[in-house]
2 protein chains.
Amino acid sequence: MRMVIEDAVREAGNDPIFAVAAKADKRIEEVGRDKVINSTIGALMDDDGNLVTFDSVYDVYKNLPDDQISNYAGIPGIAPFREKVVDACFRDKKPEAYIEAVATPGGTGAVRHAVANYTNPGDKILIPDWHWAPYQTIAQENRRSHTTFPLFNEKGAFNMEAYEKAILDLLKEQGRVLTILNTPAHNPTGYSLTVPEWKEIIDFFTKTAKEHPEWRIILLVDIAYIDFAGPDARDFMPLLSGLPENVLPLFAFSASKGYTMYGLRNGAIICAAPTQEIADEFAASCSFSNRGTWSNGSRGAMQALADIWSDEDKLNRSLDEQKENYELLRARADAFLEAADEVGLDLATYSDGFFISIPCDNAKELADKLMEEDLYTVALKKGLRFAPCAVSEEKCRRAPALIKKALDELK
Amino acid sequence: MRMVIEDAVREAGNDPIFAVAAKADKRIEEVGRDKVINSTIGALMDDDGNLVTFDSVYDVYKNLPDDQISNYAGIPGIAPFREKVVDACFRDKKPEAYIEAVATPGGTGAVRHAVANYTNPGDKILIPDWHWAPYQTIAQENRRSHTTFPLFNEKGAFNMEAYEKAILDLLKEQGRVLTILNTPAHNPTGYSLTVPEWKEIIDFFTKTAKEHPEWRIILLVDIAYIDFAGPDARDFMPLLSGLPENVLPLFAFSASKGYTMYGLRNGAIICAAPTQEIADEFAASCSFSNRGTWSNGSRGAMQALADIWSDEDKLNRSLDEQKENYELLRARADAFLEAADEVGLDLATYSDGFFISIPCDNAKELADKLMEEDLYTVALKKGLRFAPCAVSEEKCRRAPALIKKALDELK
């Protein structure tokens with residue numbers, strides 16, 4: 001007997017990451033935290049394994065009057081948030097474009113709206129072969145599917161050739177394409193597109209769009225990790241200025257990582273549209289989508305972010321805390337990279353961010369084997385994901401040798 | 001030039017309620033709060049026009065450790081919330097059924113999941129003619145539509161005959177029906193289905209489902225206002241026990257009103273399934289939908305509700321605050337009902353809750369005319385909505401005469 005529609009029958013959620021994380025916790029209880037490397041968690045943890053929460057954020061949030069947390073935010077988000085989230089997104093690198101922001105529950109909500117409003121049911125969205133698995137879930141839940149292109153070329157740089165081909169194939173098939181680029185500090189590899197790569201992409205979009213004014217190219221840049229990608233992370237943004245009318249850059253902004261607001265579900269979908277008309281259309285469609293999906297967002301979280309970006313002292317304190325934690329993460333990643341180099345462990349090209357990936361065909365087997373060494377990782381289709389965001393520098397330095405040894409033994 | 005898909009072109013959000021509310025605020029600035037009756041707001045306000053926020057809730061919430069707010073909740077919600085929200089929903093009136101809860105952003109998210117998982121794209125959902133407008137938006141956003149039945153019969157009670165016909169028509173057409181009943185304390189009329197009416201509905205479902213085992217009847221009870229509907233509000237719940245396998249009762253639970261958590265977006269979709277299999281199927285589909293839509297919910301808000309329902313002192317304090325505010329609301333509504341009776345103003349049958357409706361064909365005209373008397377209301381298709389939740393008892397007593405006079409003048 002089935003009550004849900006055929007399309008909505010799903011397997012019960014035996015989240016494999018959760019299962020491995022539970023094993024790691026159990027092992028920590030048995031032998032102590034020092035001896036276990038738990039690299040399963042996708043959030044920034046301090047060296048003692050506690051979630052990092054920014055005082056600069058929670059001091060503001062918890063001091064809001066109750067009614068600023070309790071009240072409804074209004075469908076597209078409160079006005080000060082819609083204004084200030086644009087600054088938080090672009091900082092001093094705002095493209096010359098018509099910019100609108102609509103609040104969403106984290107970056108996930110932004111991806112959902114891009115899929116629902118800019119692709120037709122049945123369309124395929126375009127994502128790299130290395131990708132955050134929920135992009136697929138979001139497409140599926142909204143009756144779309146996905147196709148992939150190889151993220152890297154043989155030099156370990158962005159595979160422009162494959163990307164162009166995939167875009168053109170989809171445009172010919174669908175007349176429109178939604179392409180999601182999770183950059184800088186891509187999950188799960190840590191890759192950041194370089195400025196020259198961005199220029200190539202934008203030139204290609206411009207040329208293609210001008211040759212085919214009937215086509216629609218929608219680029220969603222998922223910047224979830226941007227505040228952990230160093231001082232140059234926003235250098236590509238001004239390039240998204242002066243585009244043809246039929247190319248629309250969108251941004252999935254998330255306050256989860258950069259403001260440690262994961263559980264507050266605070267984010268936005270932001271357009272940098274070539275015309276006012278397209279920006280207005282964006283705001284109307286995404287506001288309607290809010291109303292028809294989750295109604296409105298976390299008011300207090302919006303208020304806190306708006307307050308931080310409206311007050312120089314609050315902002316400086318928050319940016320300092322971001323920077324300090326970026327440096328912590330950078331030191332851990334560098335330790336891993338150096339140690340990997342020393343033992344000859346091949347990695348997917350890492351620039352910045354929460355995750356580092358080890359390409360291999362047998363990631364599940366490798367992950368299982370590493371558990372015997374008290375190293376807990378996440379097995380992906382294309383390789384193994386290690387999370388410097390959750391592991392101390394000392395352990396980051398130890399891990400590559402363990403992985404290399406296990407890989408060699410499996411050969 | 002259009003970038004969104006044809007289906008997603010929406011009018012810019014000139015929210016009519018917001019526009020009237022803004023006029024009311026302007027008028028309050030001009031002539032003072034005493035002279036203006038602002039009945040546009042759908043949240044509980046104290047007599048001075050401030051949002052009511054429960055200390056019993058915000059004392060718990062704001063005293064949570066930062067990481068309990070900051071961390072992710074897990075896709076279906078944190079375990080203690082999934083357990084305790086069942087108590088908050090049913091209290092001592094739990095049906096004998098297989099109960100599962102999945103966290104959603106407010107009641108809206110629960111409605112969205114019911115629509116997405118229990119109706120096919122293109123299907124019509126069934127709602128009363130008097131209804132909360134966003135049900136339509138949710139259906140539309142998810143590529144469904146809606147049809148209505150008259151909520152009231154000529155006696156001002158539930159129109160069982162029309163309901164049965166509408167259900168059967170949809171079952172014949174679609175093989176399944178999702179019917180949303182917003183009760184007790186229906187928005188916008190304040191009507192609560194009586195226990196005998198519930199019995200009739202359940203008998204009808206049982207008979208129909210047994211005669212047609214191939215049909216699927218899904219009943220979503222939207223209980224957004226249940227904690228402002230008096231001590232008997234949950235008496236219907238145990239009736240939803242022992243149903244045929246092809247009848248599935250779902251509940252849209254919201255912490256917005258009962259815990260003044262509007263802006264925290266805390267709610268759940270809860271099933272009271274006739275079999276374990278159907279409850280498991282429910283949890284798997286709704287968890288997948290979470291992942292593919294907004295990922296997860298407000299962790300701190302879940303934690304606070306779970307903490308309140310795990311601690312007798314916290315719970316008693318919270319229930320006392322609910323009760324005190326229920327009594328405030330009840331006194332306001334009684335004042336309005338008495339005054340309406342005195343002046344001979346006809347109302348849609350009101351039992352309890354935030355809103356009272358005055359049936360009329362020219363609500364827009366009436367609302368405009370009432371603004372001249374400094375009375376601000378919401379014009380609906382079927383009548384005028386007055387909001388005792390937002391208006392002091394003294395003003396509730398004054399309003400009916402103003403409405404009656406304006407109605408008579410428009411005749």
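Me: At what angle do helix H5 and helix H9 of chain B pack, and how far apart are their axes?

Reply: Start with the general idea. Two packed helices are described by the angle between their axes and the distance between the axes. Now the case here, in a model that is predicted. Helix H5 (residues 106–118) of chain B packs on helix H9 (residues 276–291) of chain B at about 115°, with the axes 10 Å apart. H5(B) is therefore roughly perpendicular to H9(B). Their crossing is right-handed.

Me: Which residues make the contact between H5(B) and H9(B)?

Reply: H5(B) supplies Arg112(B), His113(B), Asn117(B) and Tyr118(B). From H9(B) come Phe282(B), Ser285(B), Cys286(B), Ser289(B) and Asn290(B). Sorted by class, this contact has 3 nonpolar, 5 polar and 1 charged residues.

Me: How do I read helix H11 and helix H13 of chain A: at what angle do they pack?

Reply: Use the angle and the distance again. Helix H11 (residues 312–343) and helix H13 (residues 393–410) of chain A pack at about 30°, and their axes lie 8 Å apart. Angles under 35 degrees count as roughly parallel, so H11(A) is roughly parallel to H13(A). H11(A) passes H13(A) in a right-handed crossing. On the H11(A) side, the contact includes Ala331(A), Ala335(A), Phe336(A) and Val343(A). On the H13(A) side, it includes Cys396(A), Pro400(A) and Ile403(A). By class, the contact has 11 nonpolar, no polar and 5 charged residues.

Me: Are H12(B) and H13(B) parallel or oblique to each other?

Reply: Take the angle before the label. Helix H12 (residues 363–371) and helix H13 (residues 393–410) of chain B pack at about 120°, with axes 10 Å apart. They are therefore oblique to each other. H12(B) passes H13(B) in a right-handed crossing. H12(B) brings Glu365(B), Leu366(B), Lys369(B) and Leu370(B) to the contact. H13(B) brings Leu402(B), Ile403(B), Ala406(B), Leu407(B), Glu409(B) and Leu410(B). That contact has 7 nonpolar, no polar and 3 charged residues.

Me: Let me zoom in on one residue. Is Leu407(A) buried or exposed?

Reply: Check the relative accessible area. Buried means under 20%. Leu407(A) has 16%, so it is buried. Leu407(A) sits in helix H13 of chain A. Leaving out residues up to four places away in sequence, Leu407(A) touches Leu345(A), Ile358(A), Cys360(A), Asn362(A) and Leu366(A). Ser256(A) is 151 residues from Leu407(A) in sequence and 34 Å from it in space, C-alpha to C-alpha.

Me: How many residues of helix H10 of chain B are buried?

Reply: Apply the burial test along the helix. In helix H10 (residues 299–308) of chain B, 9 of the 10 residues are buried, so the helix is largely enclosed by the rest of the structure. Among the buried ones are Arg299(B), Met302(B), Gln303(B), Leu305(B) and Ile308(B). The buried residues of H10(B) pack against several elements of chain B, including helix H2, helix H4, strand E2, strand E7 and helix H11.

Me: What rotation superposes chain A on chain B?

Reply: First the general idea. Two copies of a chain are related by a rotation about an axis and a shift along it. Here the rotation is 180° and the shift along the axis is 0.0 Å, with an RMSD of 0.0 Å. The two copies are thus related as by a two-fold rotation axis. In chain A, Lys62(A) has the C-alpha nearest the axis, 3.0 Å from it.

Me: Why do the copies meet through the same surface?

Reply: Compare the interface residues. Of those in chain A, 100% are also interface residues in chain B, so the copies meet through the same surface.

Terms used: Residues are numbered from 1 along each chain as its sequence is written. Chains are lettered from A and ligands numbered from 1 in the order in which they are written. This is a predicted model: local features need pLDDT of at least 70, side-chain atom pairs count only at pLDDT 80 or more; totals for chains, interfaces and linings use all residues. Side-chain values use heavy atoms; hydrogens and water are left out. Copies are superposed by least squares on the C-alpha atoms of residues with pLDDT of at least 70 in both. Contact means heavy atoms within 4.5 Å. Axes are lines fitted to C-alpha atoms, for helices over the stretch in contact, and angles run from 0 to 180 degrees between N-to-C directions. Helices (H or I, at least four residues) and strands (E, at least two) are DSSP runs, numbered from the N terminus. Angles under 35 degrees count as roughly parallel, over 145 as roughly antiparallel, 65 to 115 as roughly perpendicular and the rest as oblique. A crossing is left-handed if the near helix is turned anticlockwise from the far one by less than a right angle, and right-handed if clockwise. Ala, Val, Leu, Ile, Met, Phe, Trp, Tyr, Cys and Pro count as nonpolar, Asp, Glu, Lys and Arg as charged, and the others, Gly among them, as polar. Buried means under 20% relative accessible area, exposed over 50%, partly exposed in between (1.4 Å probe, protein chains only).
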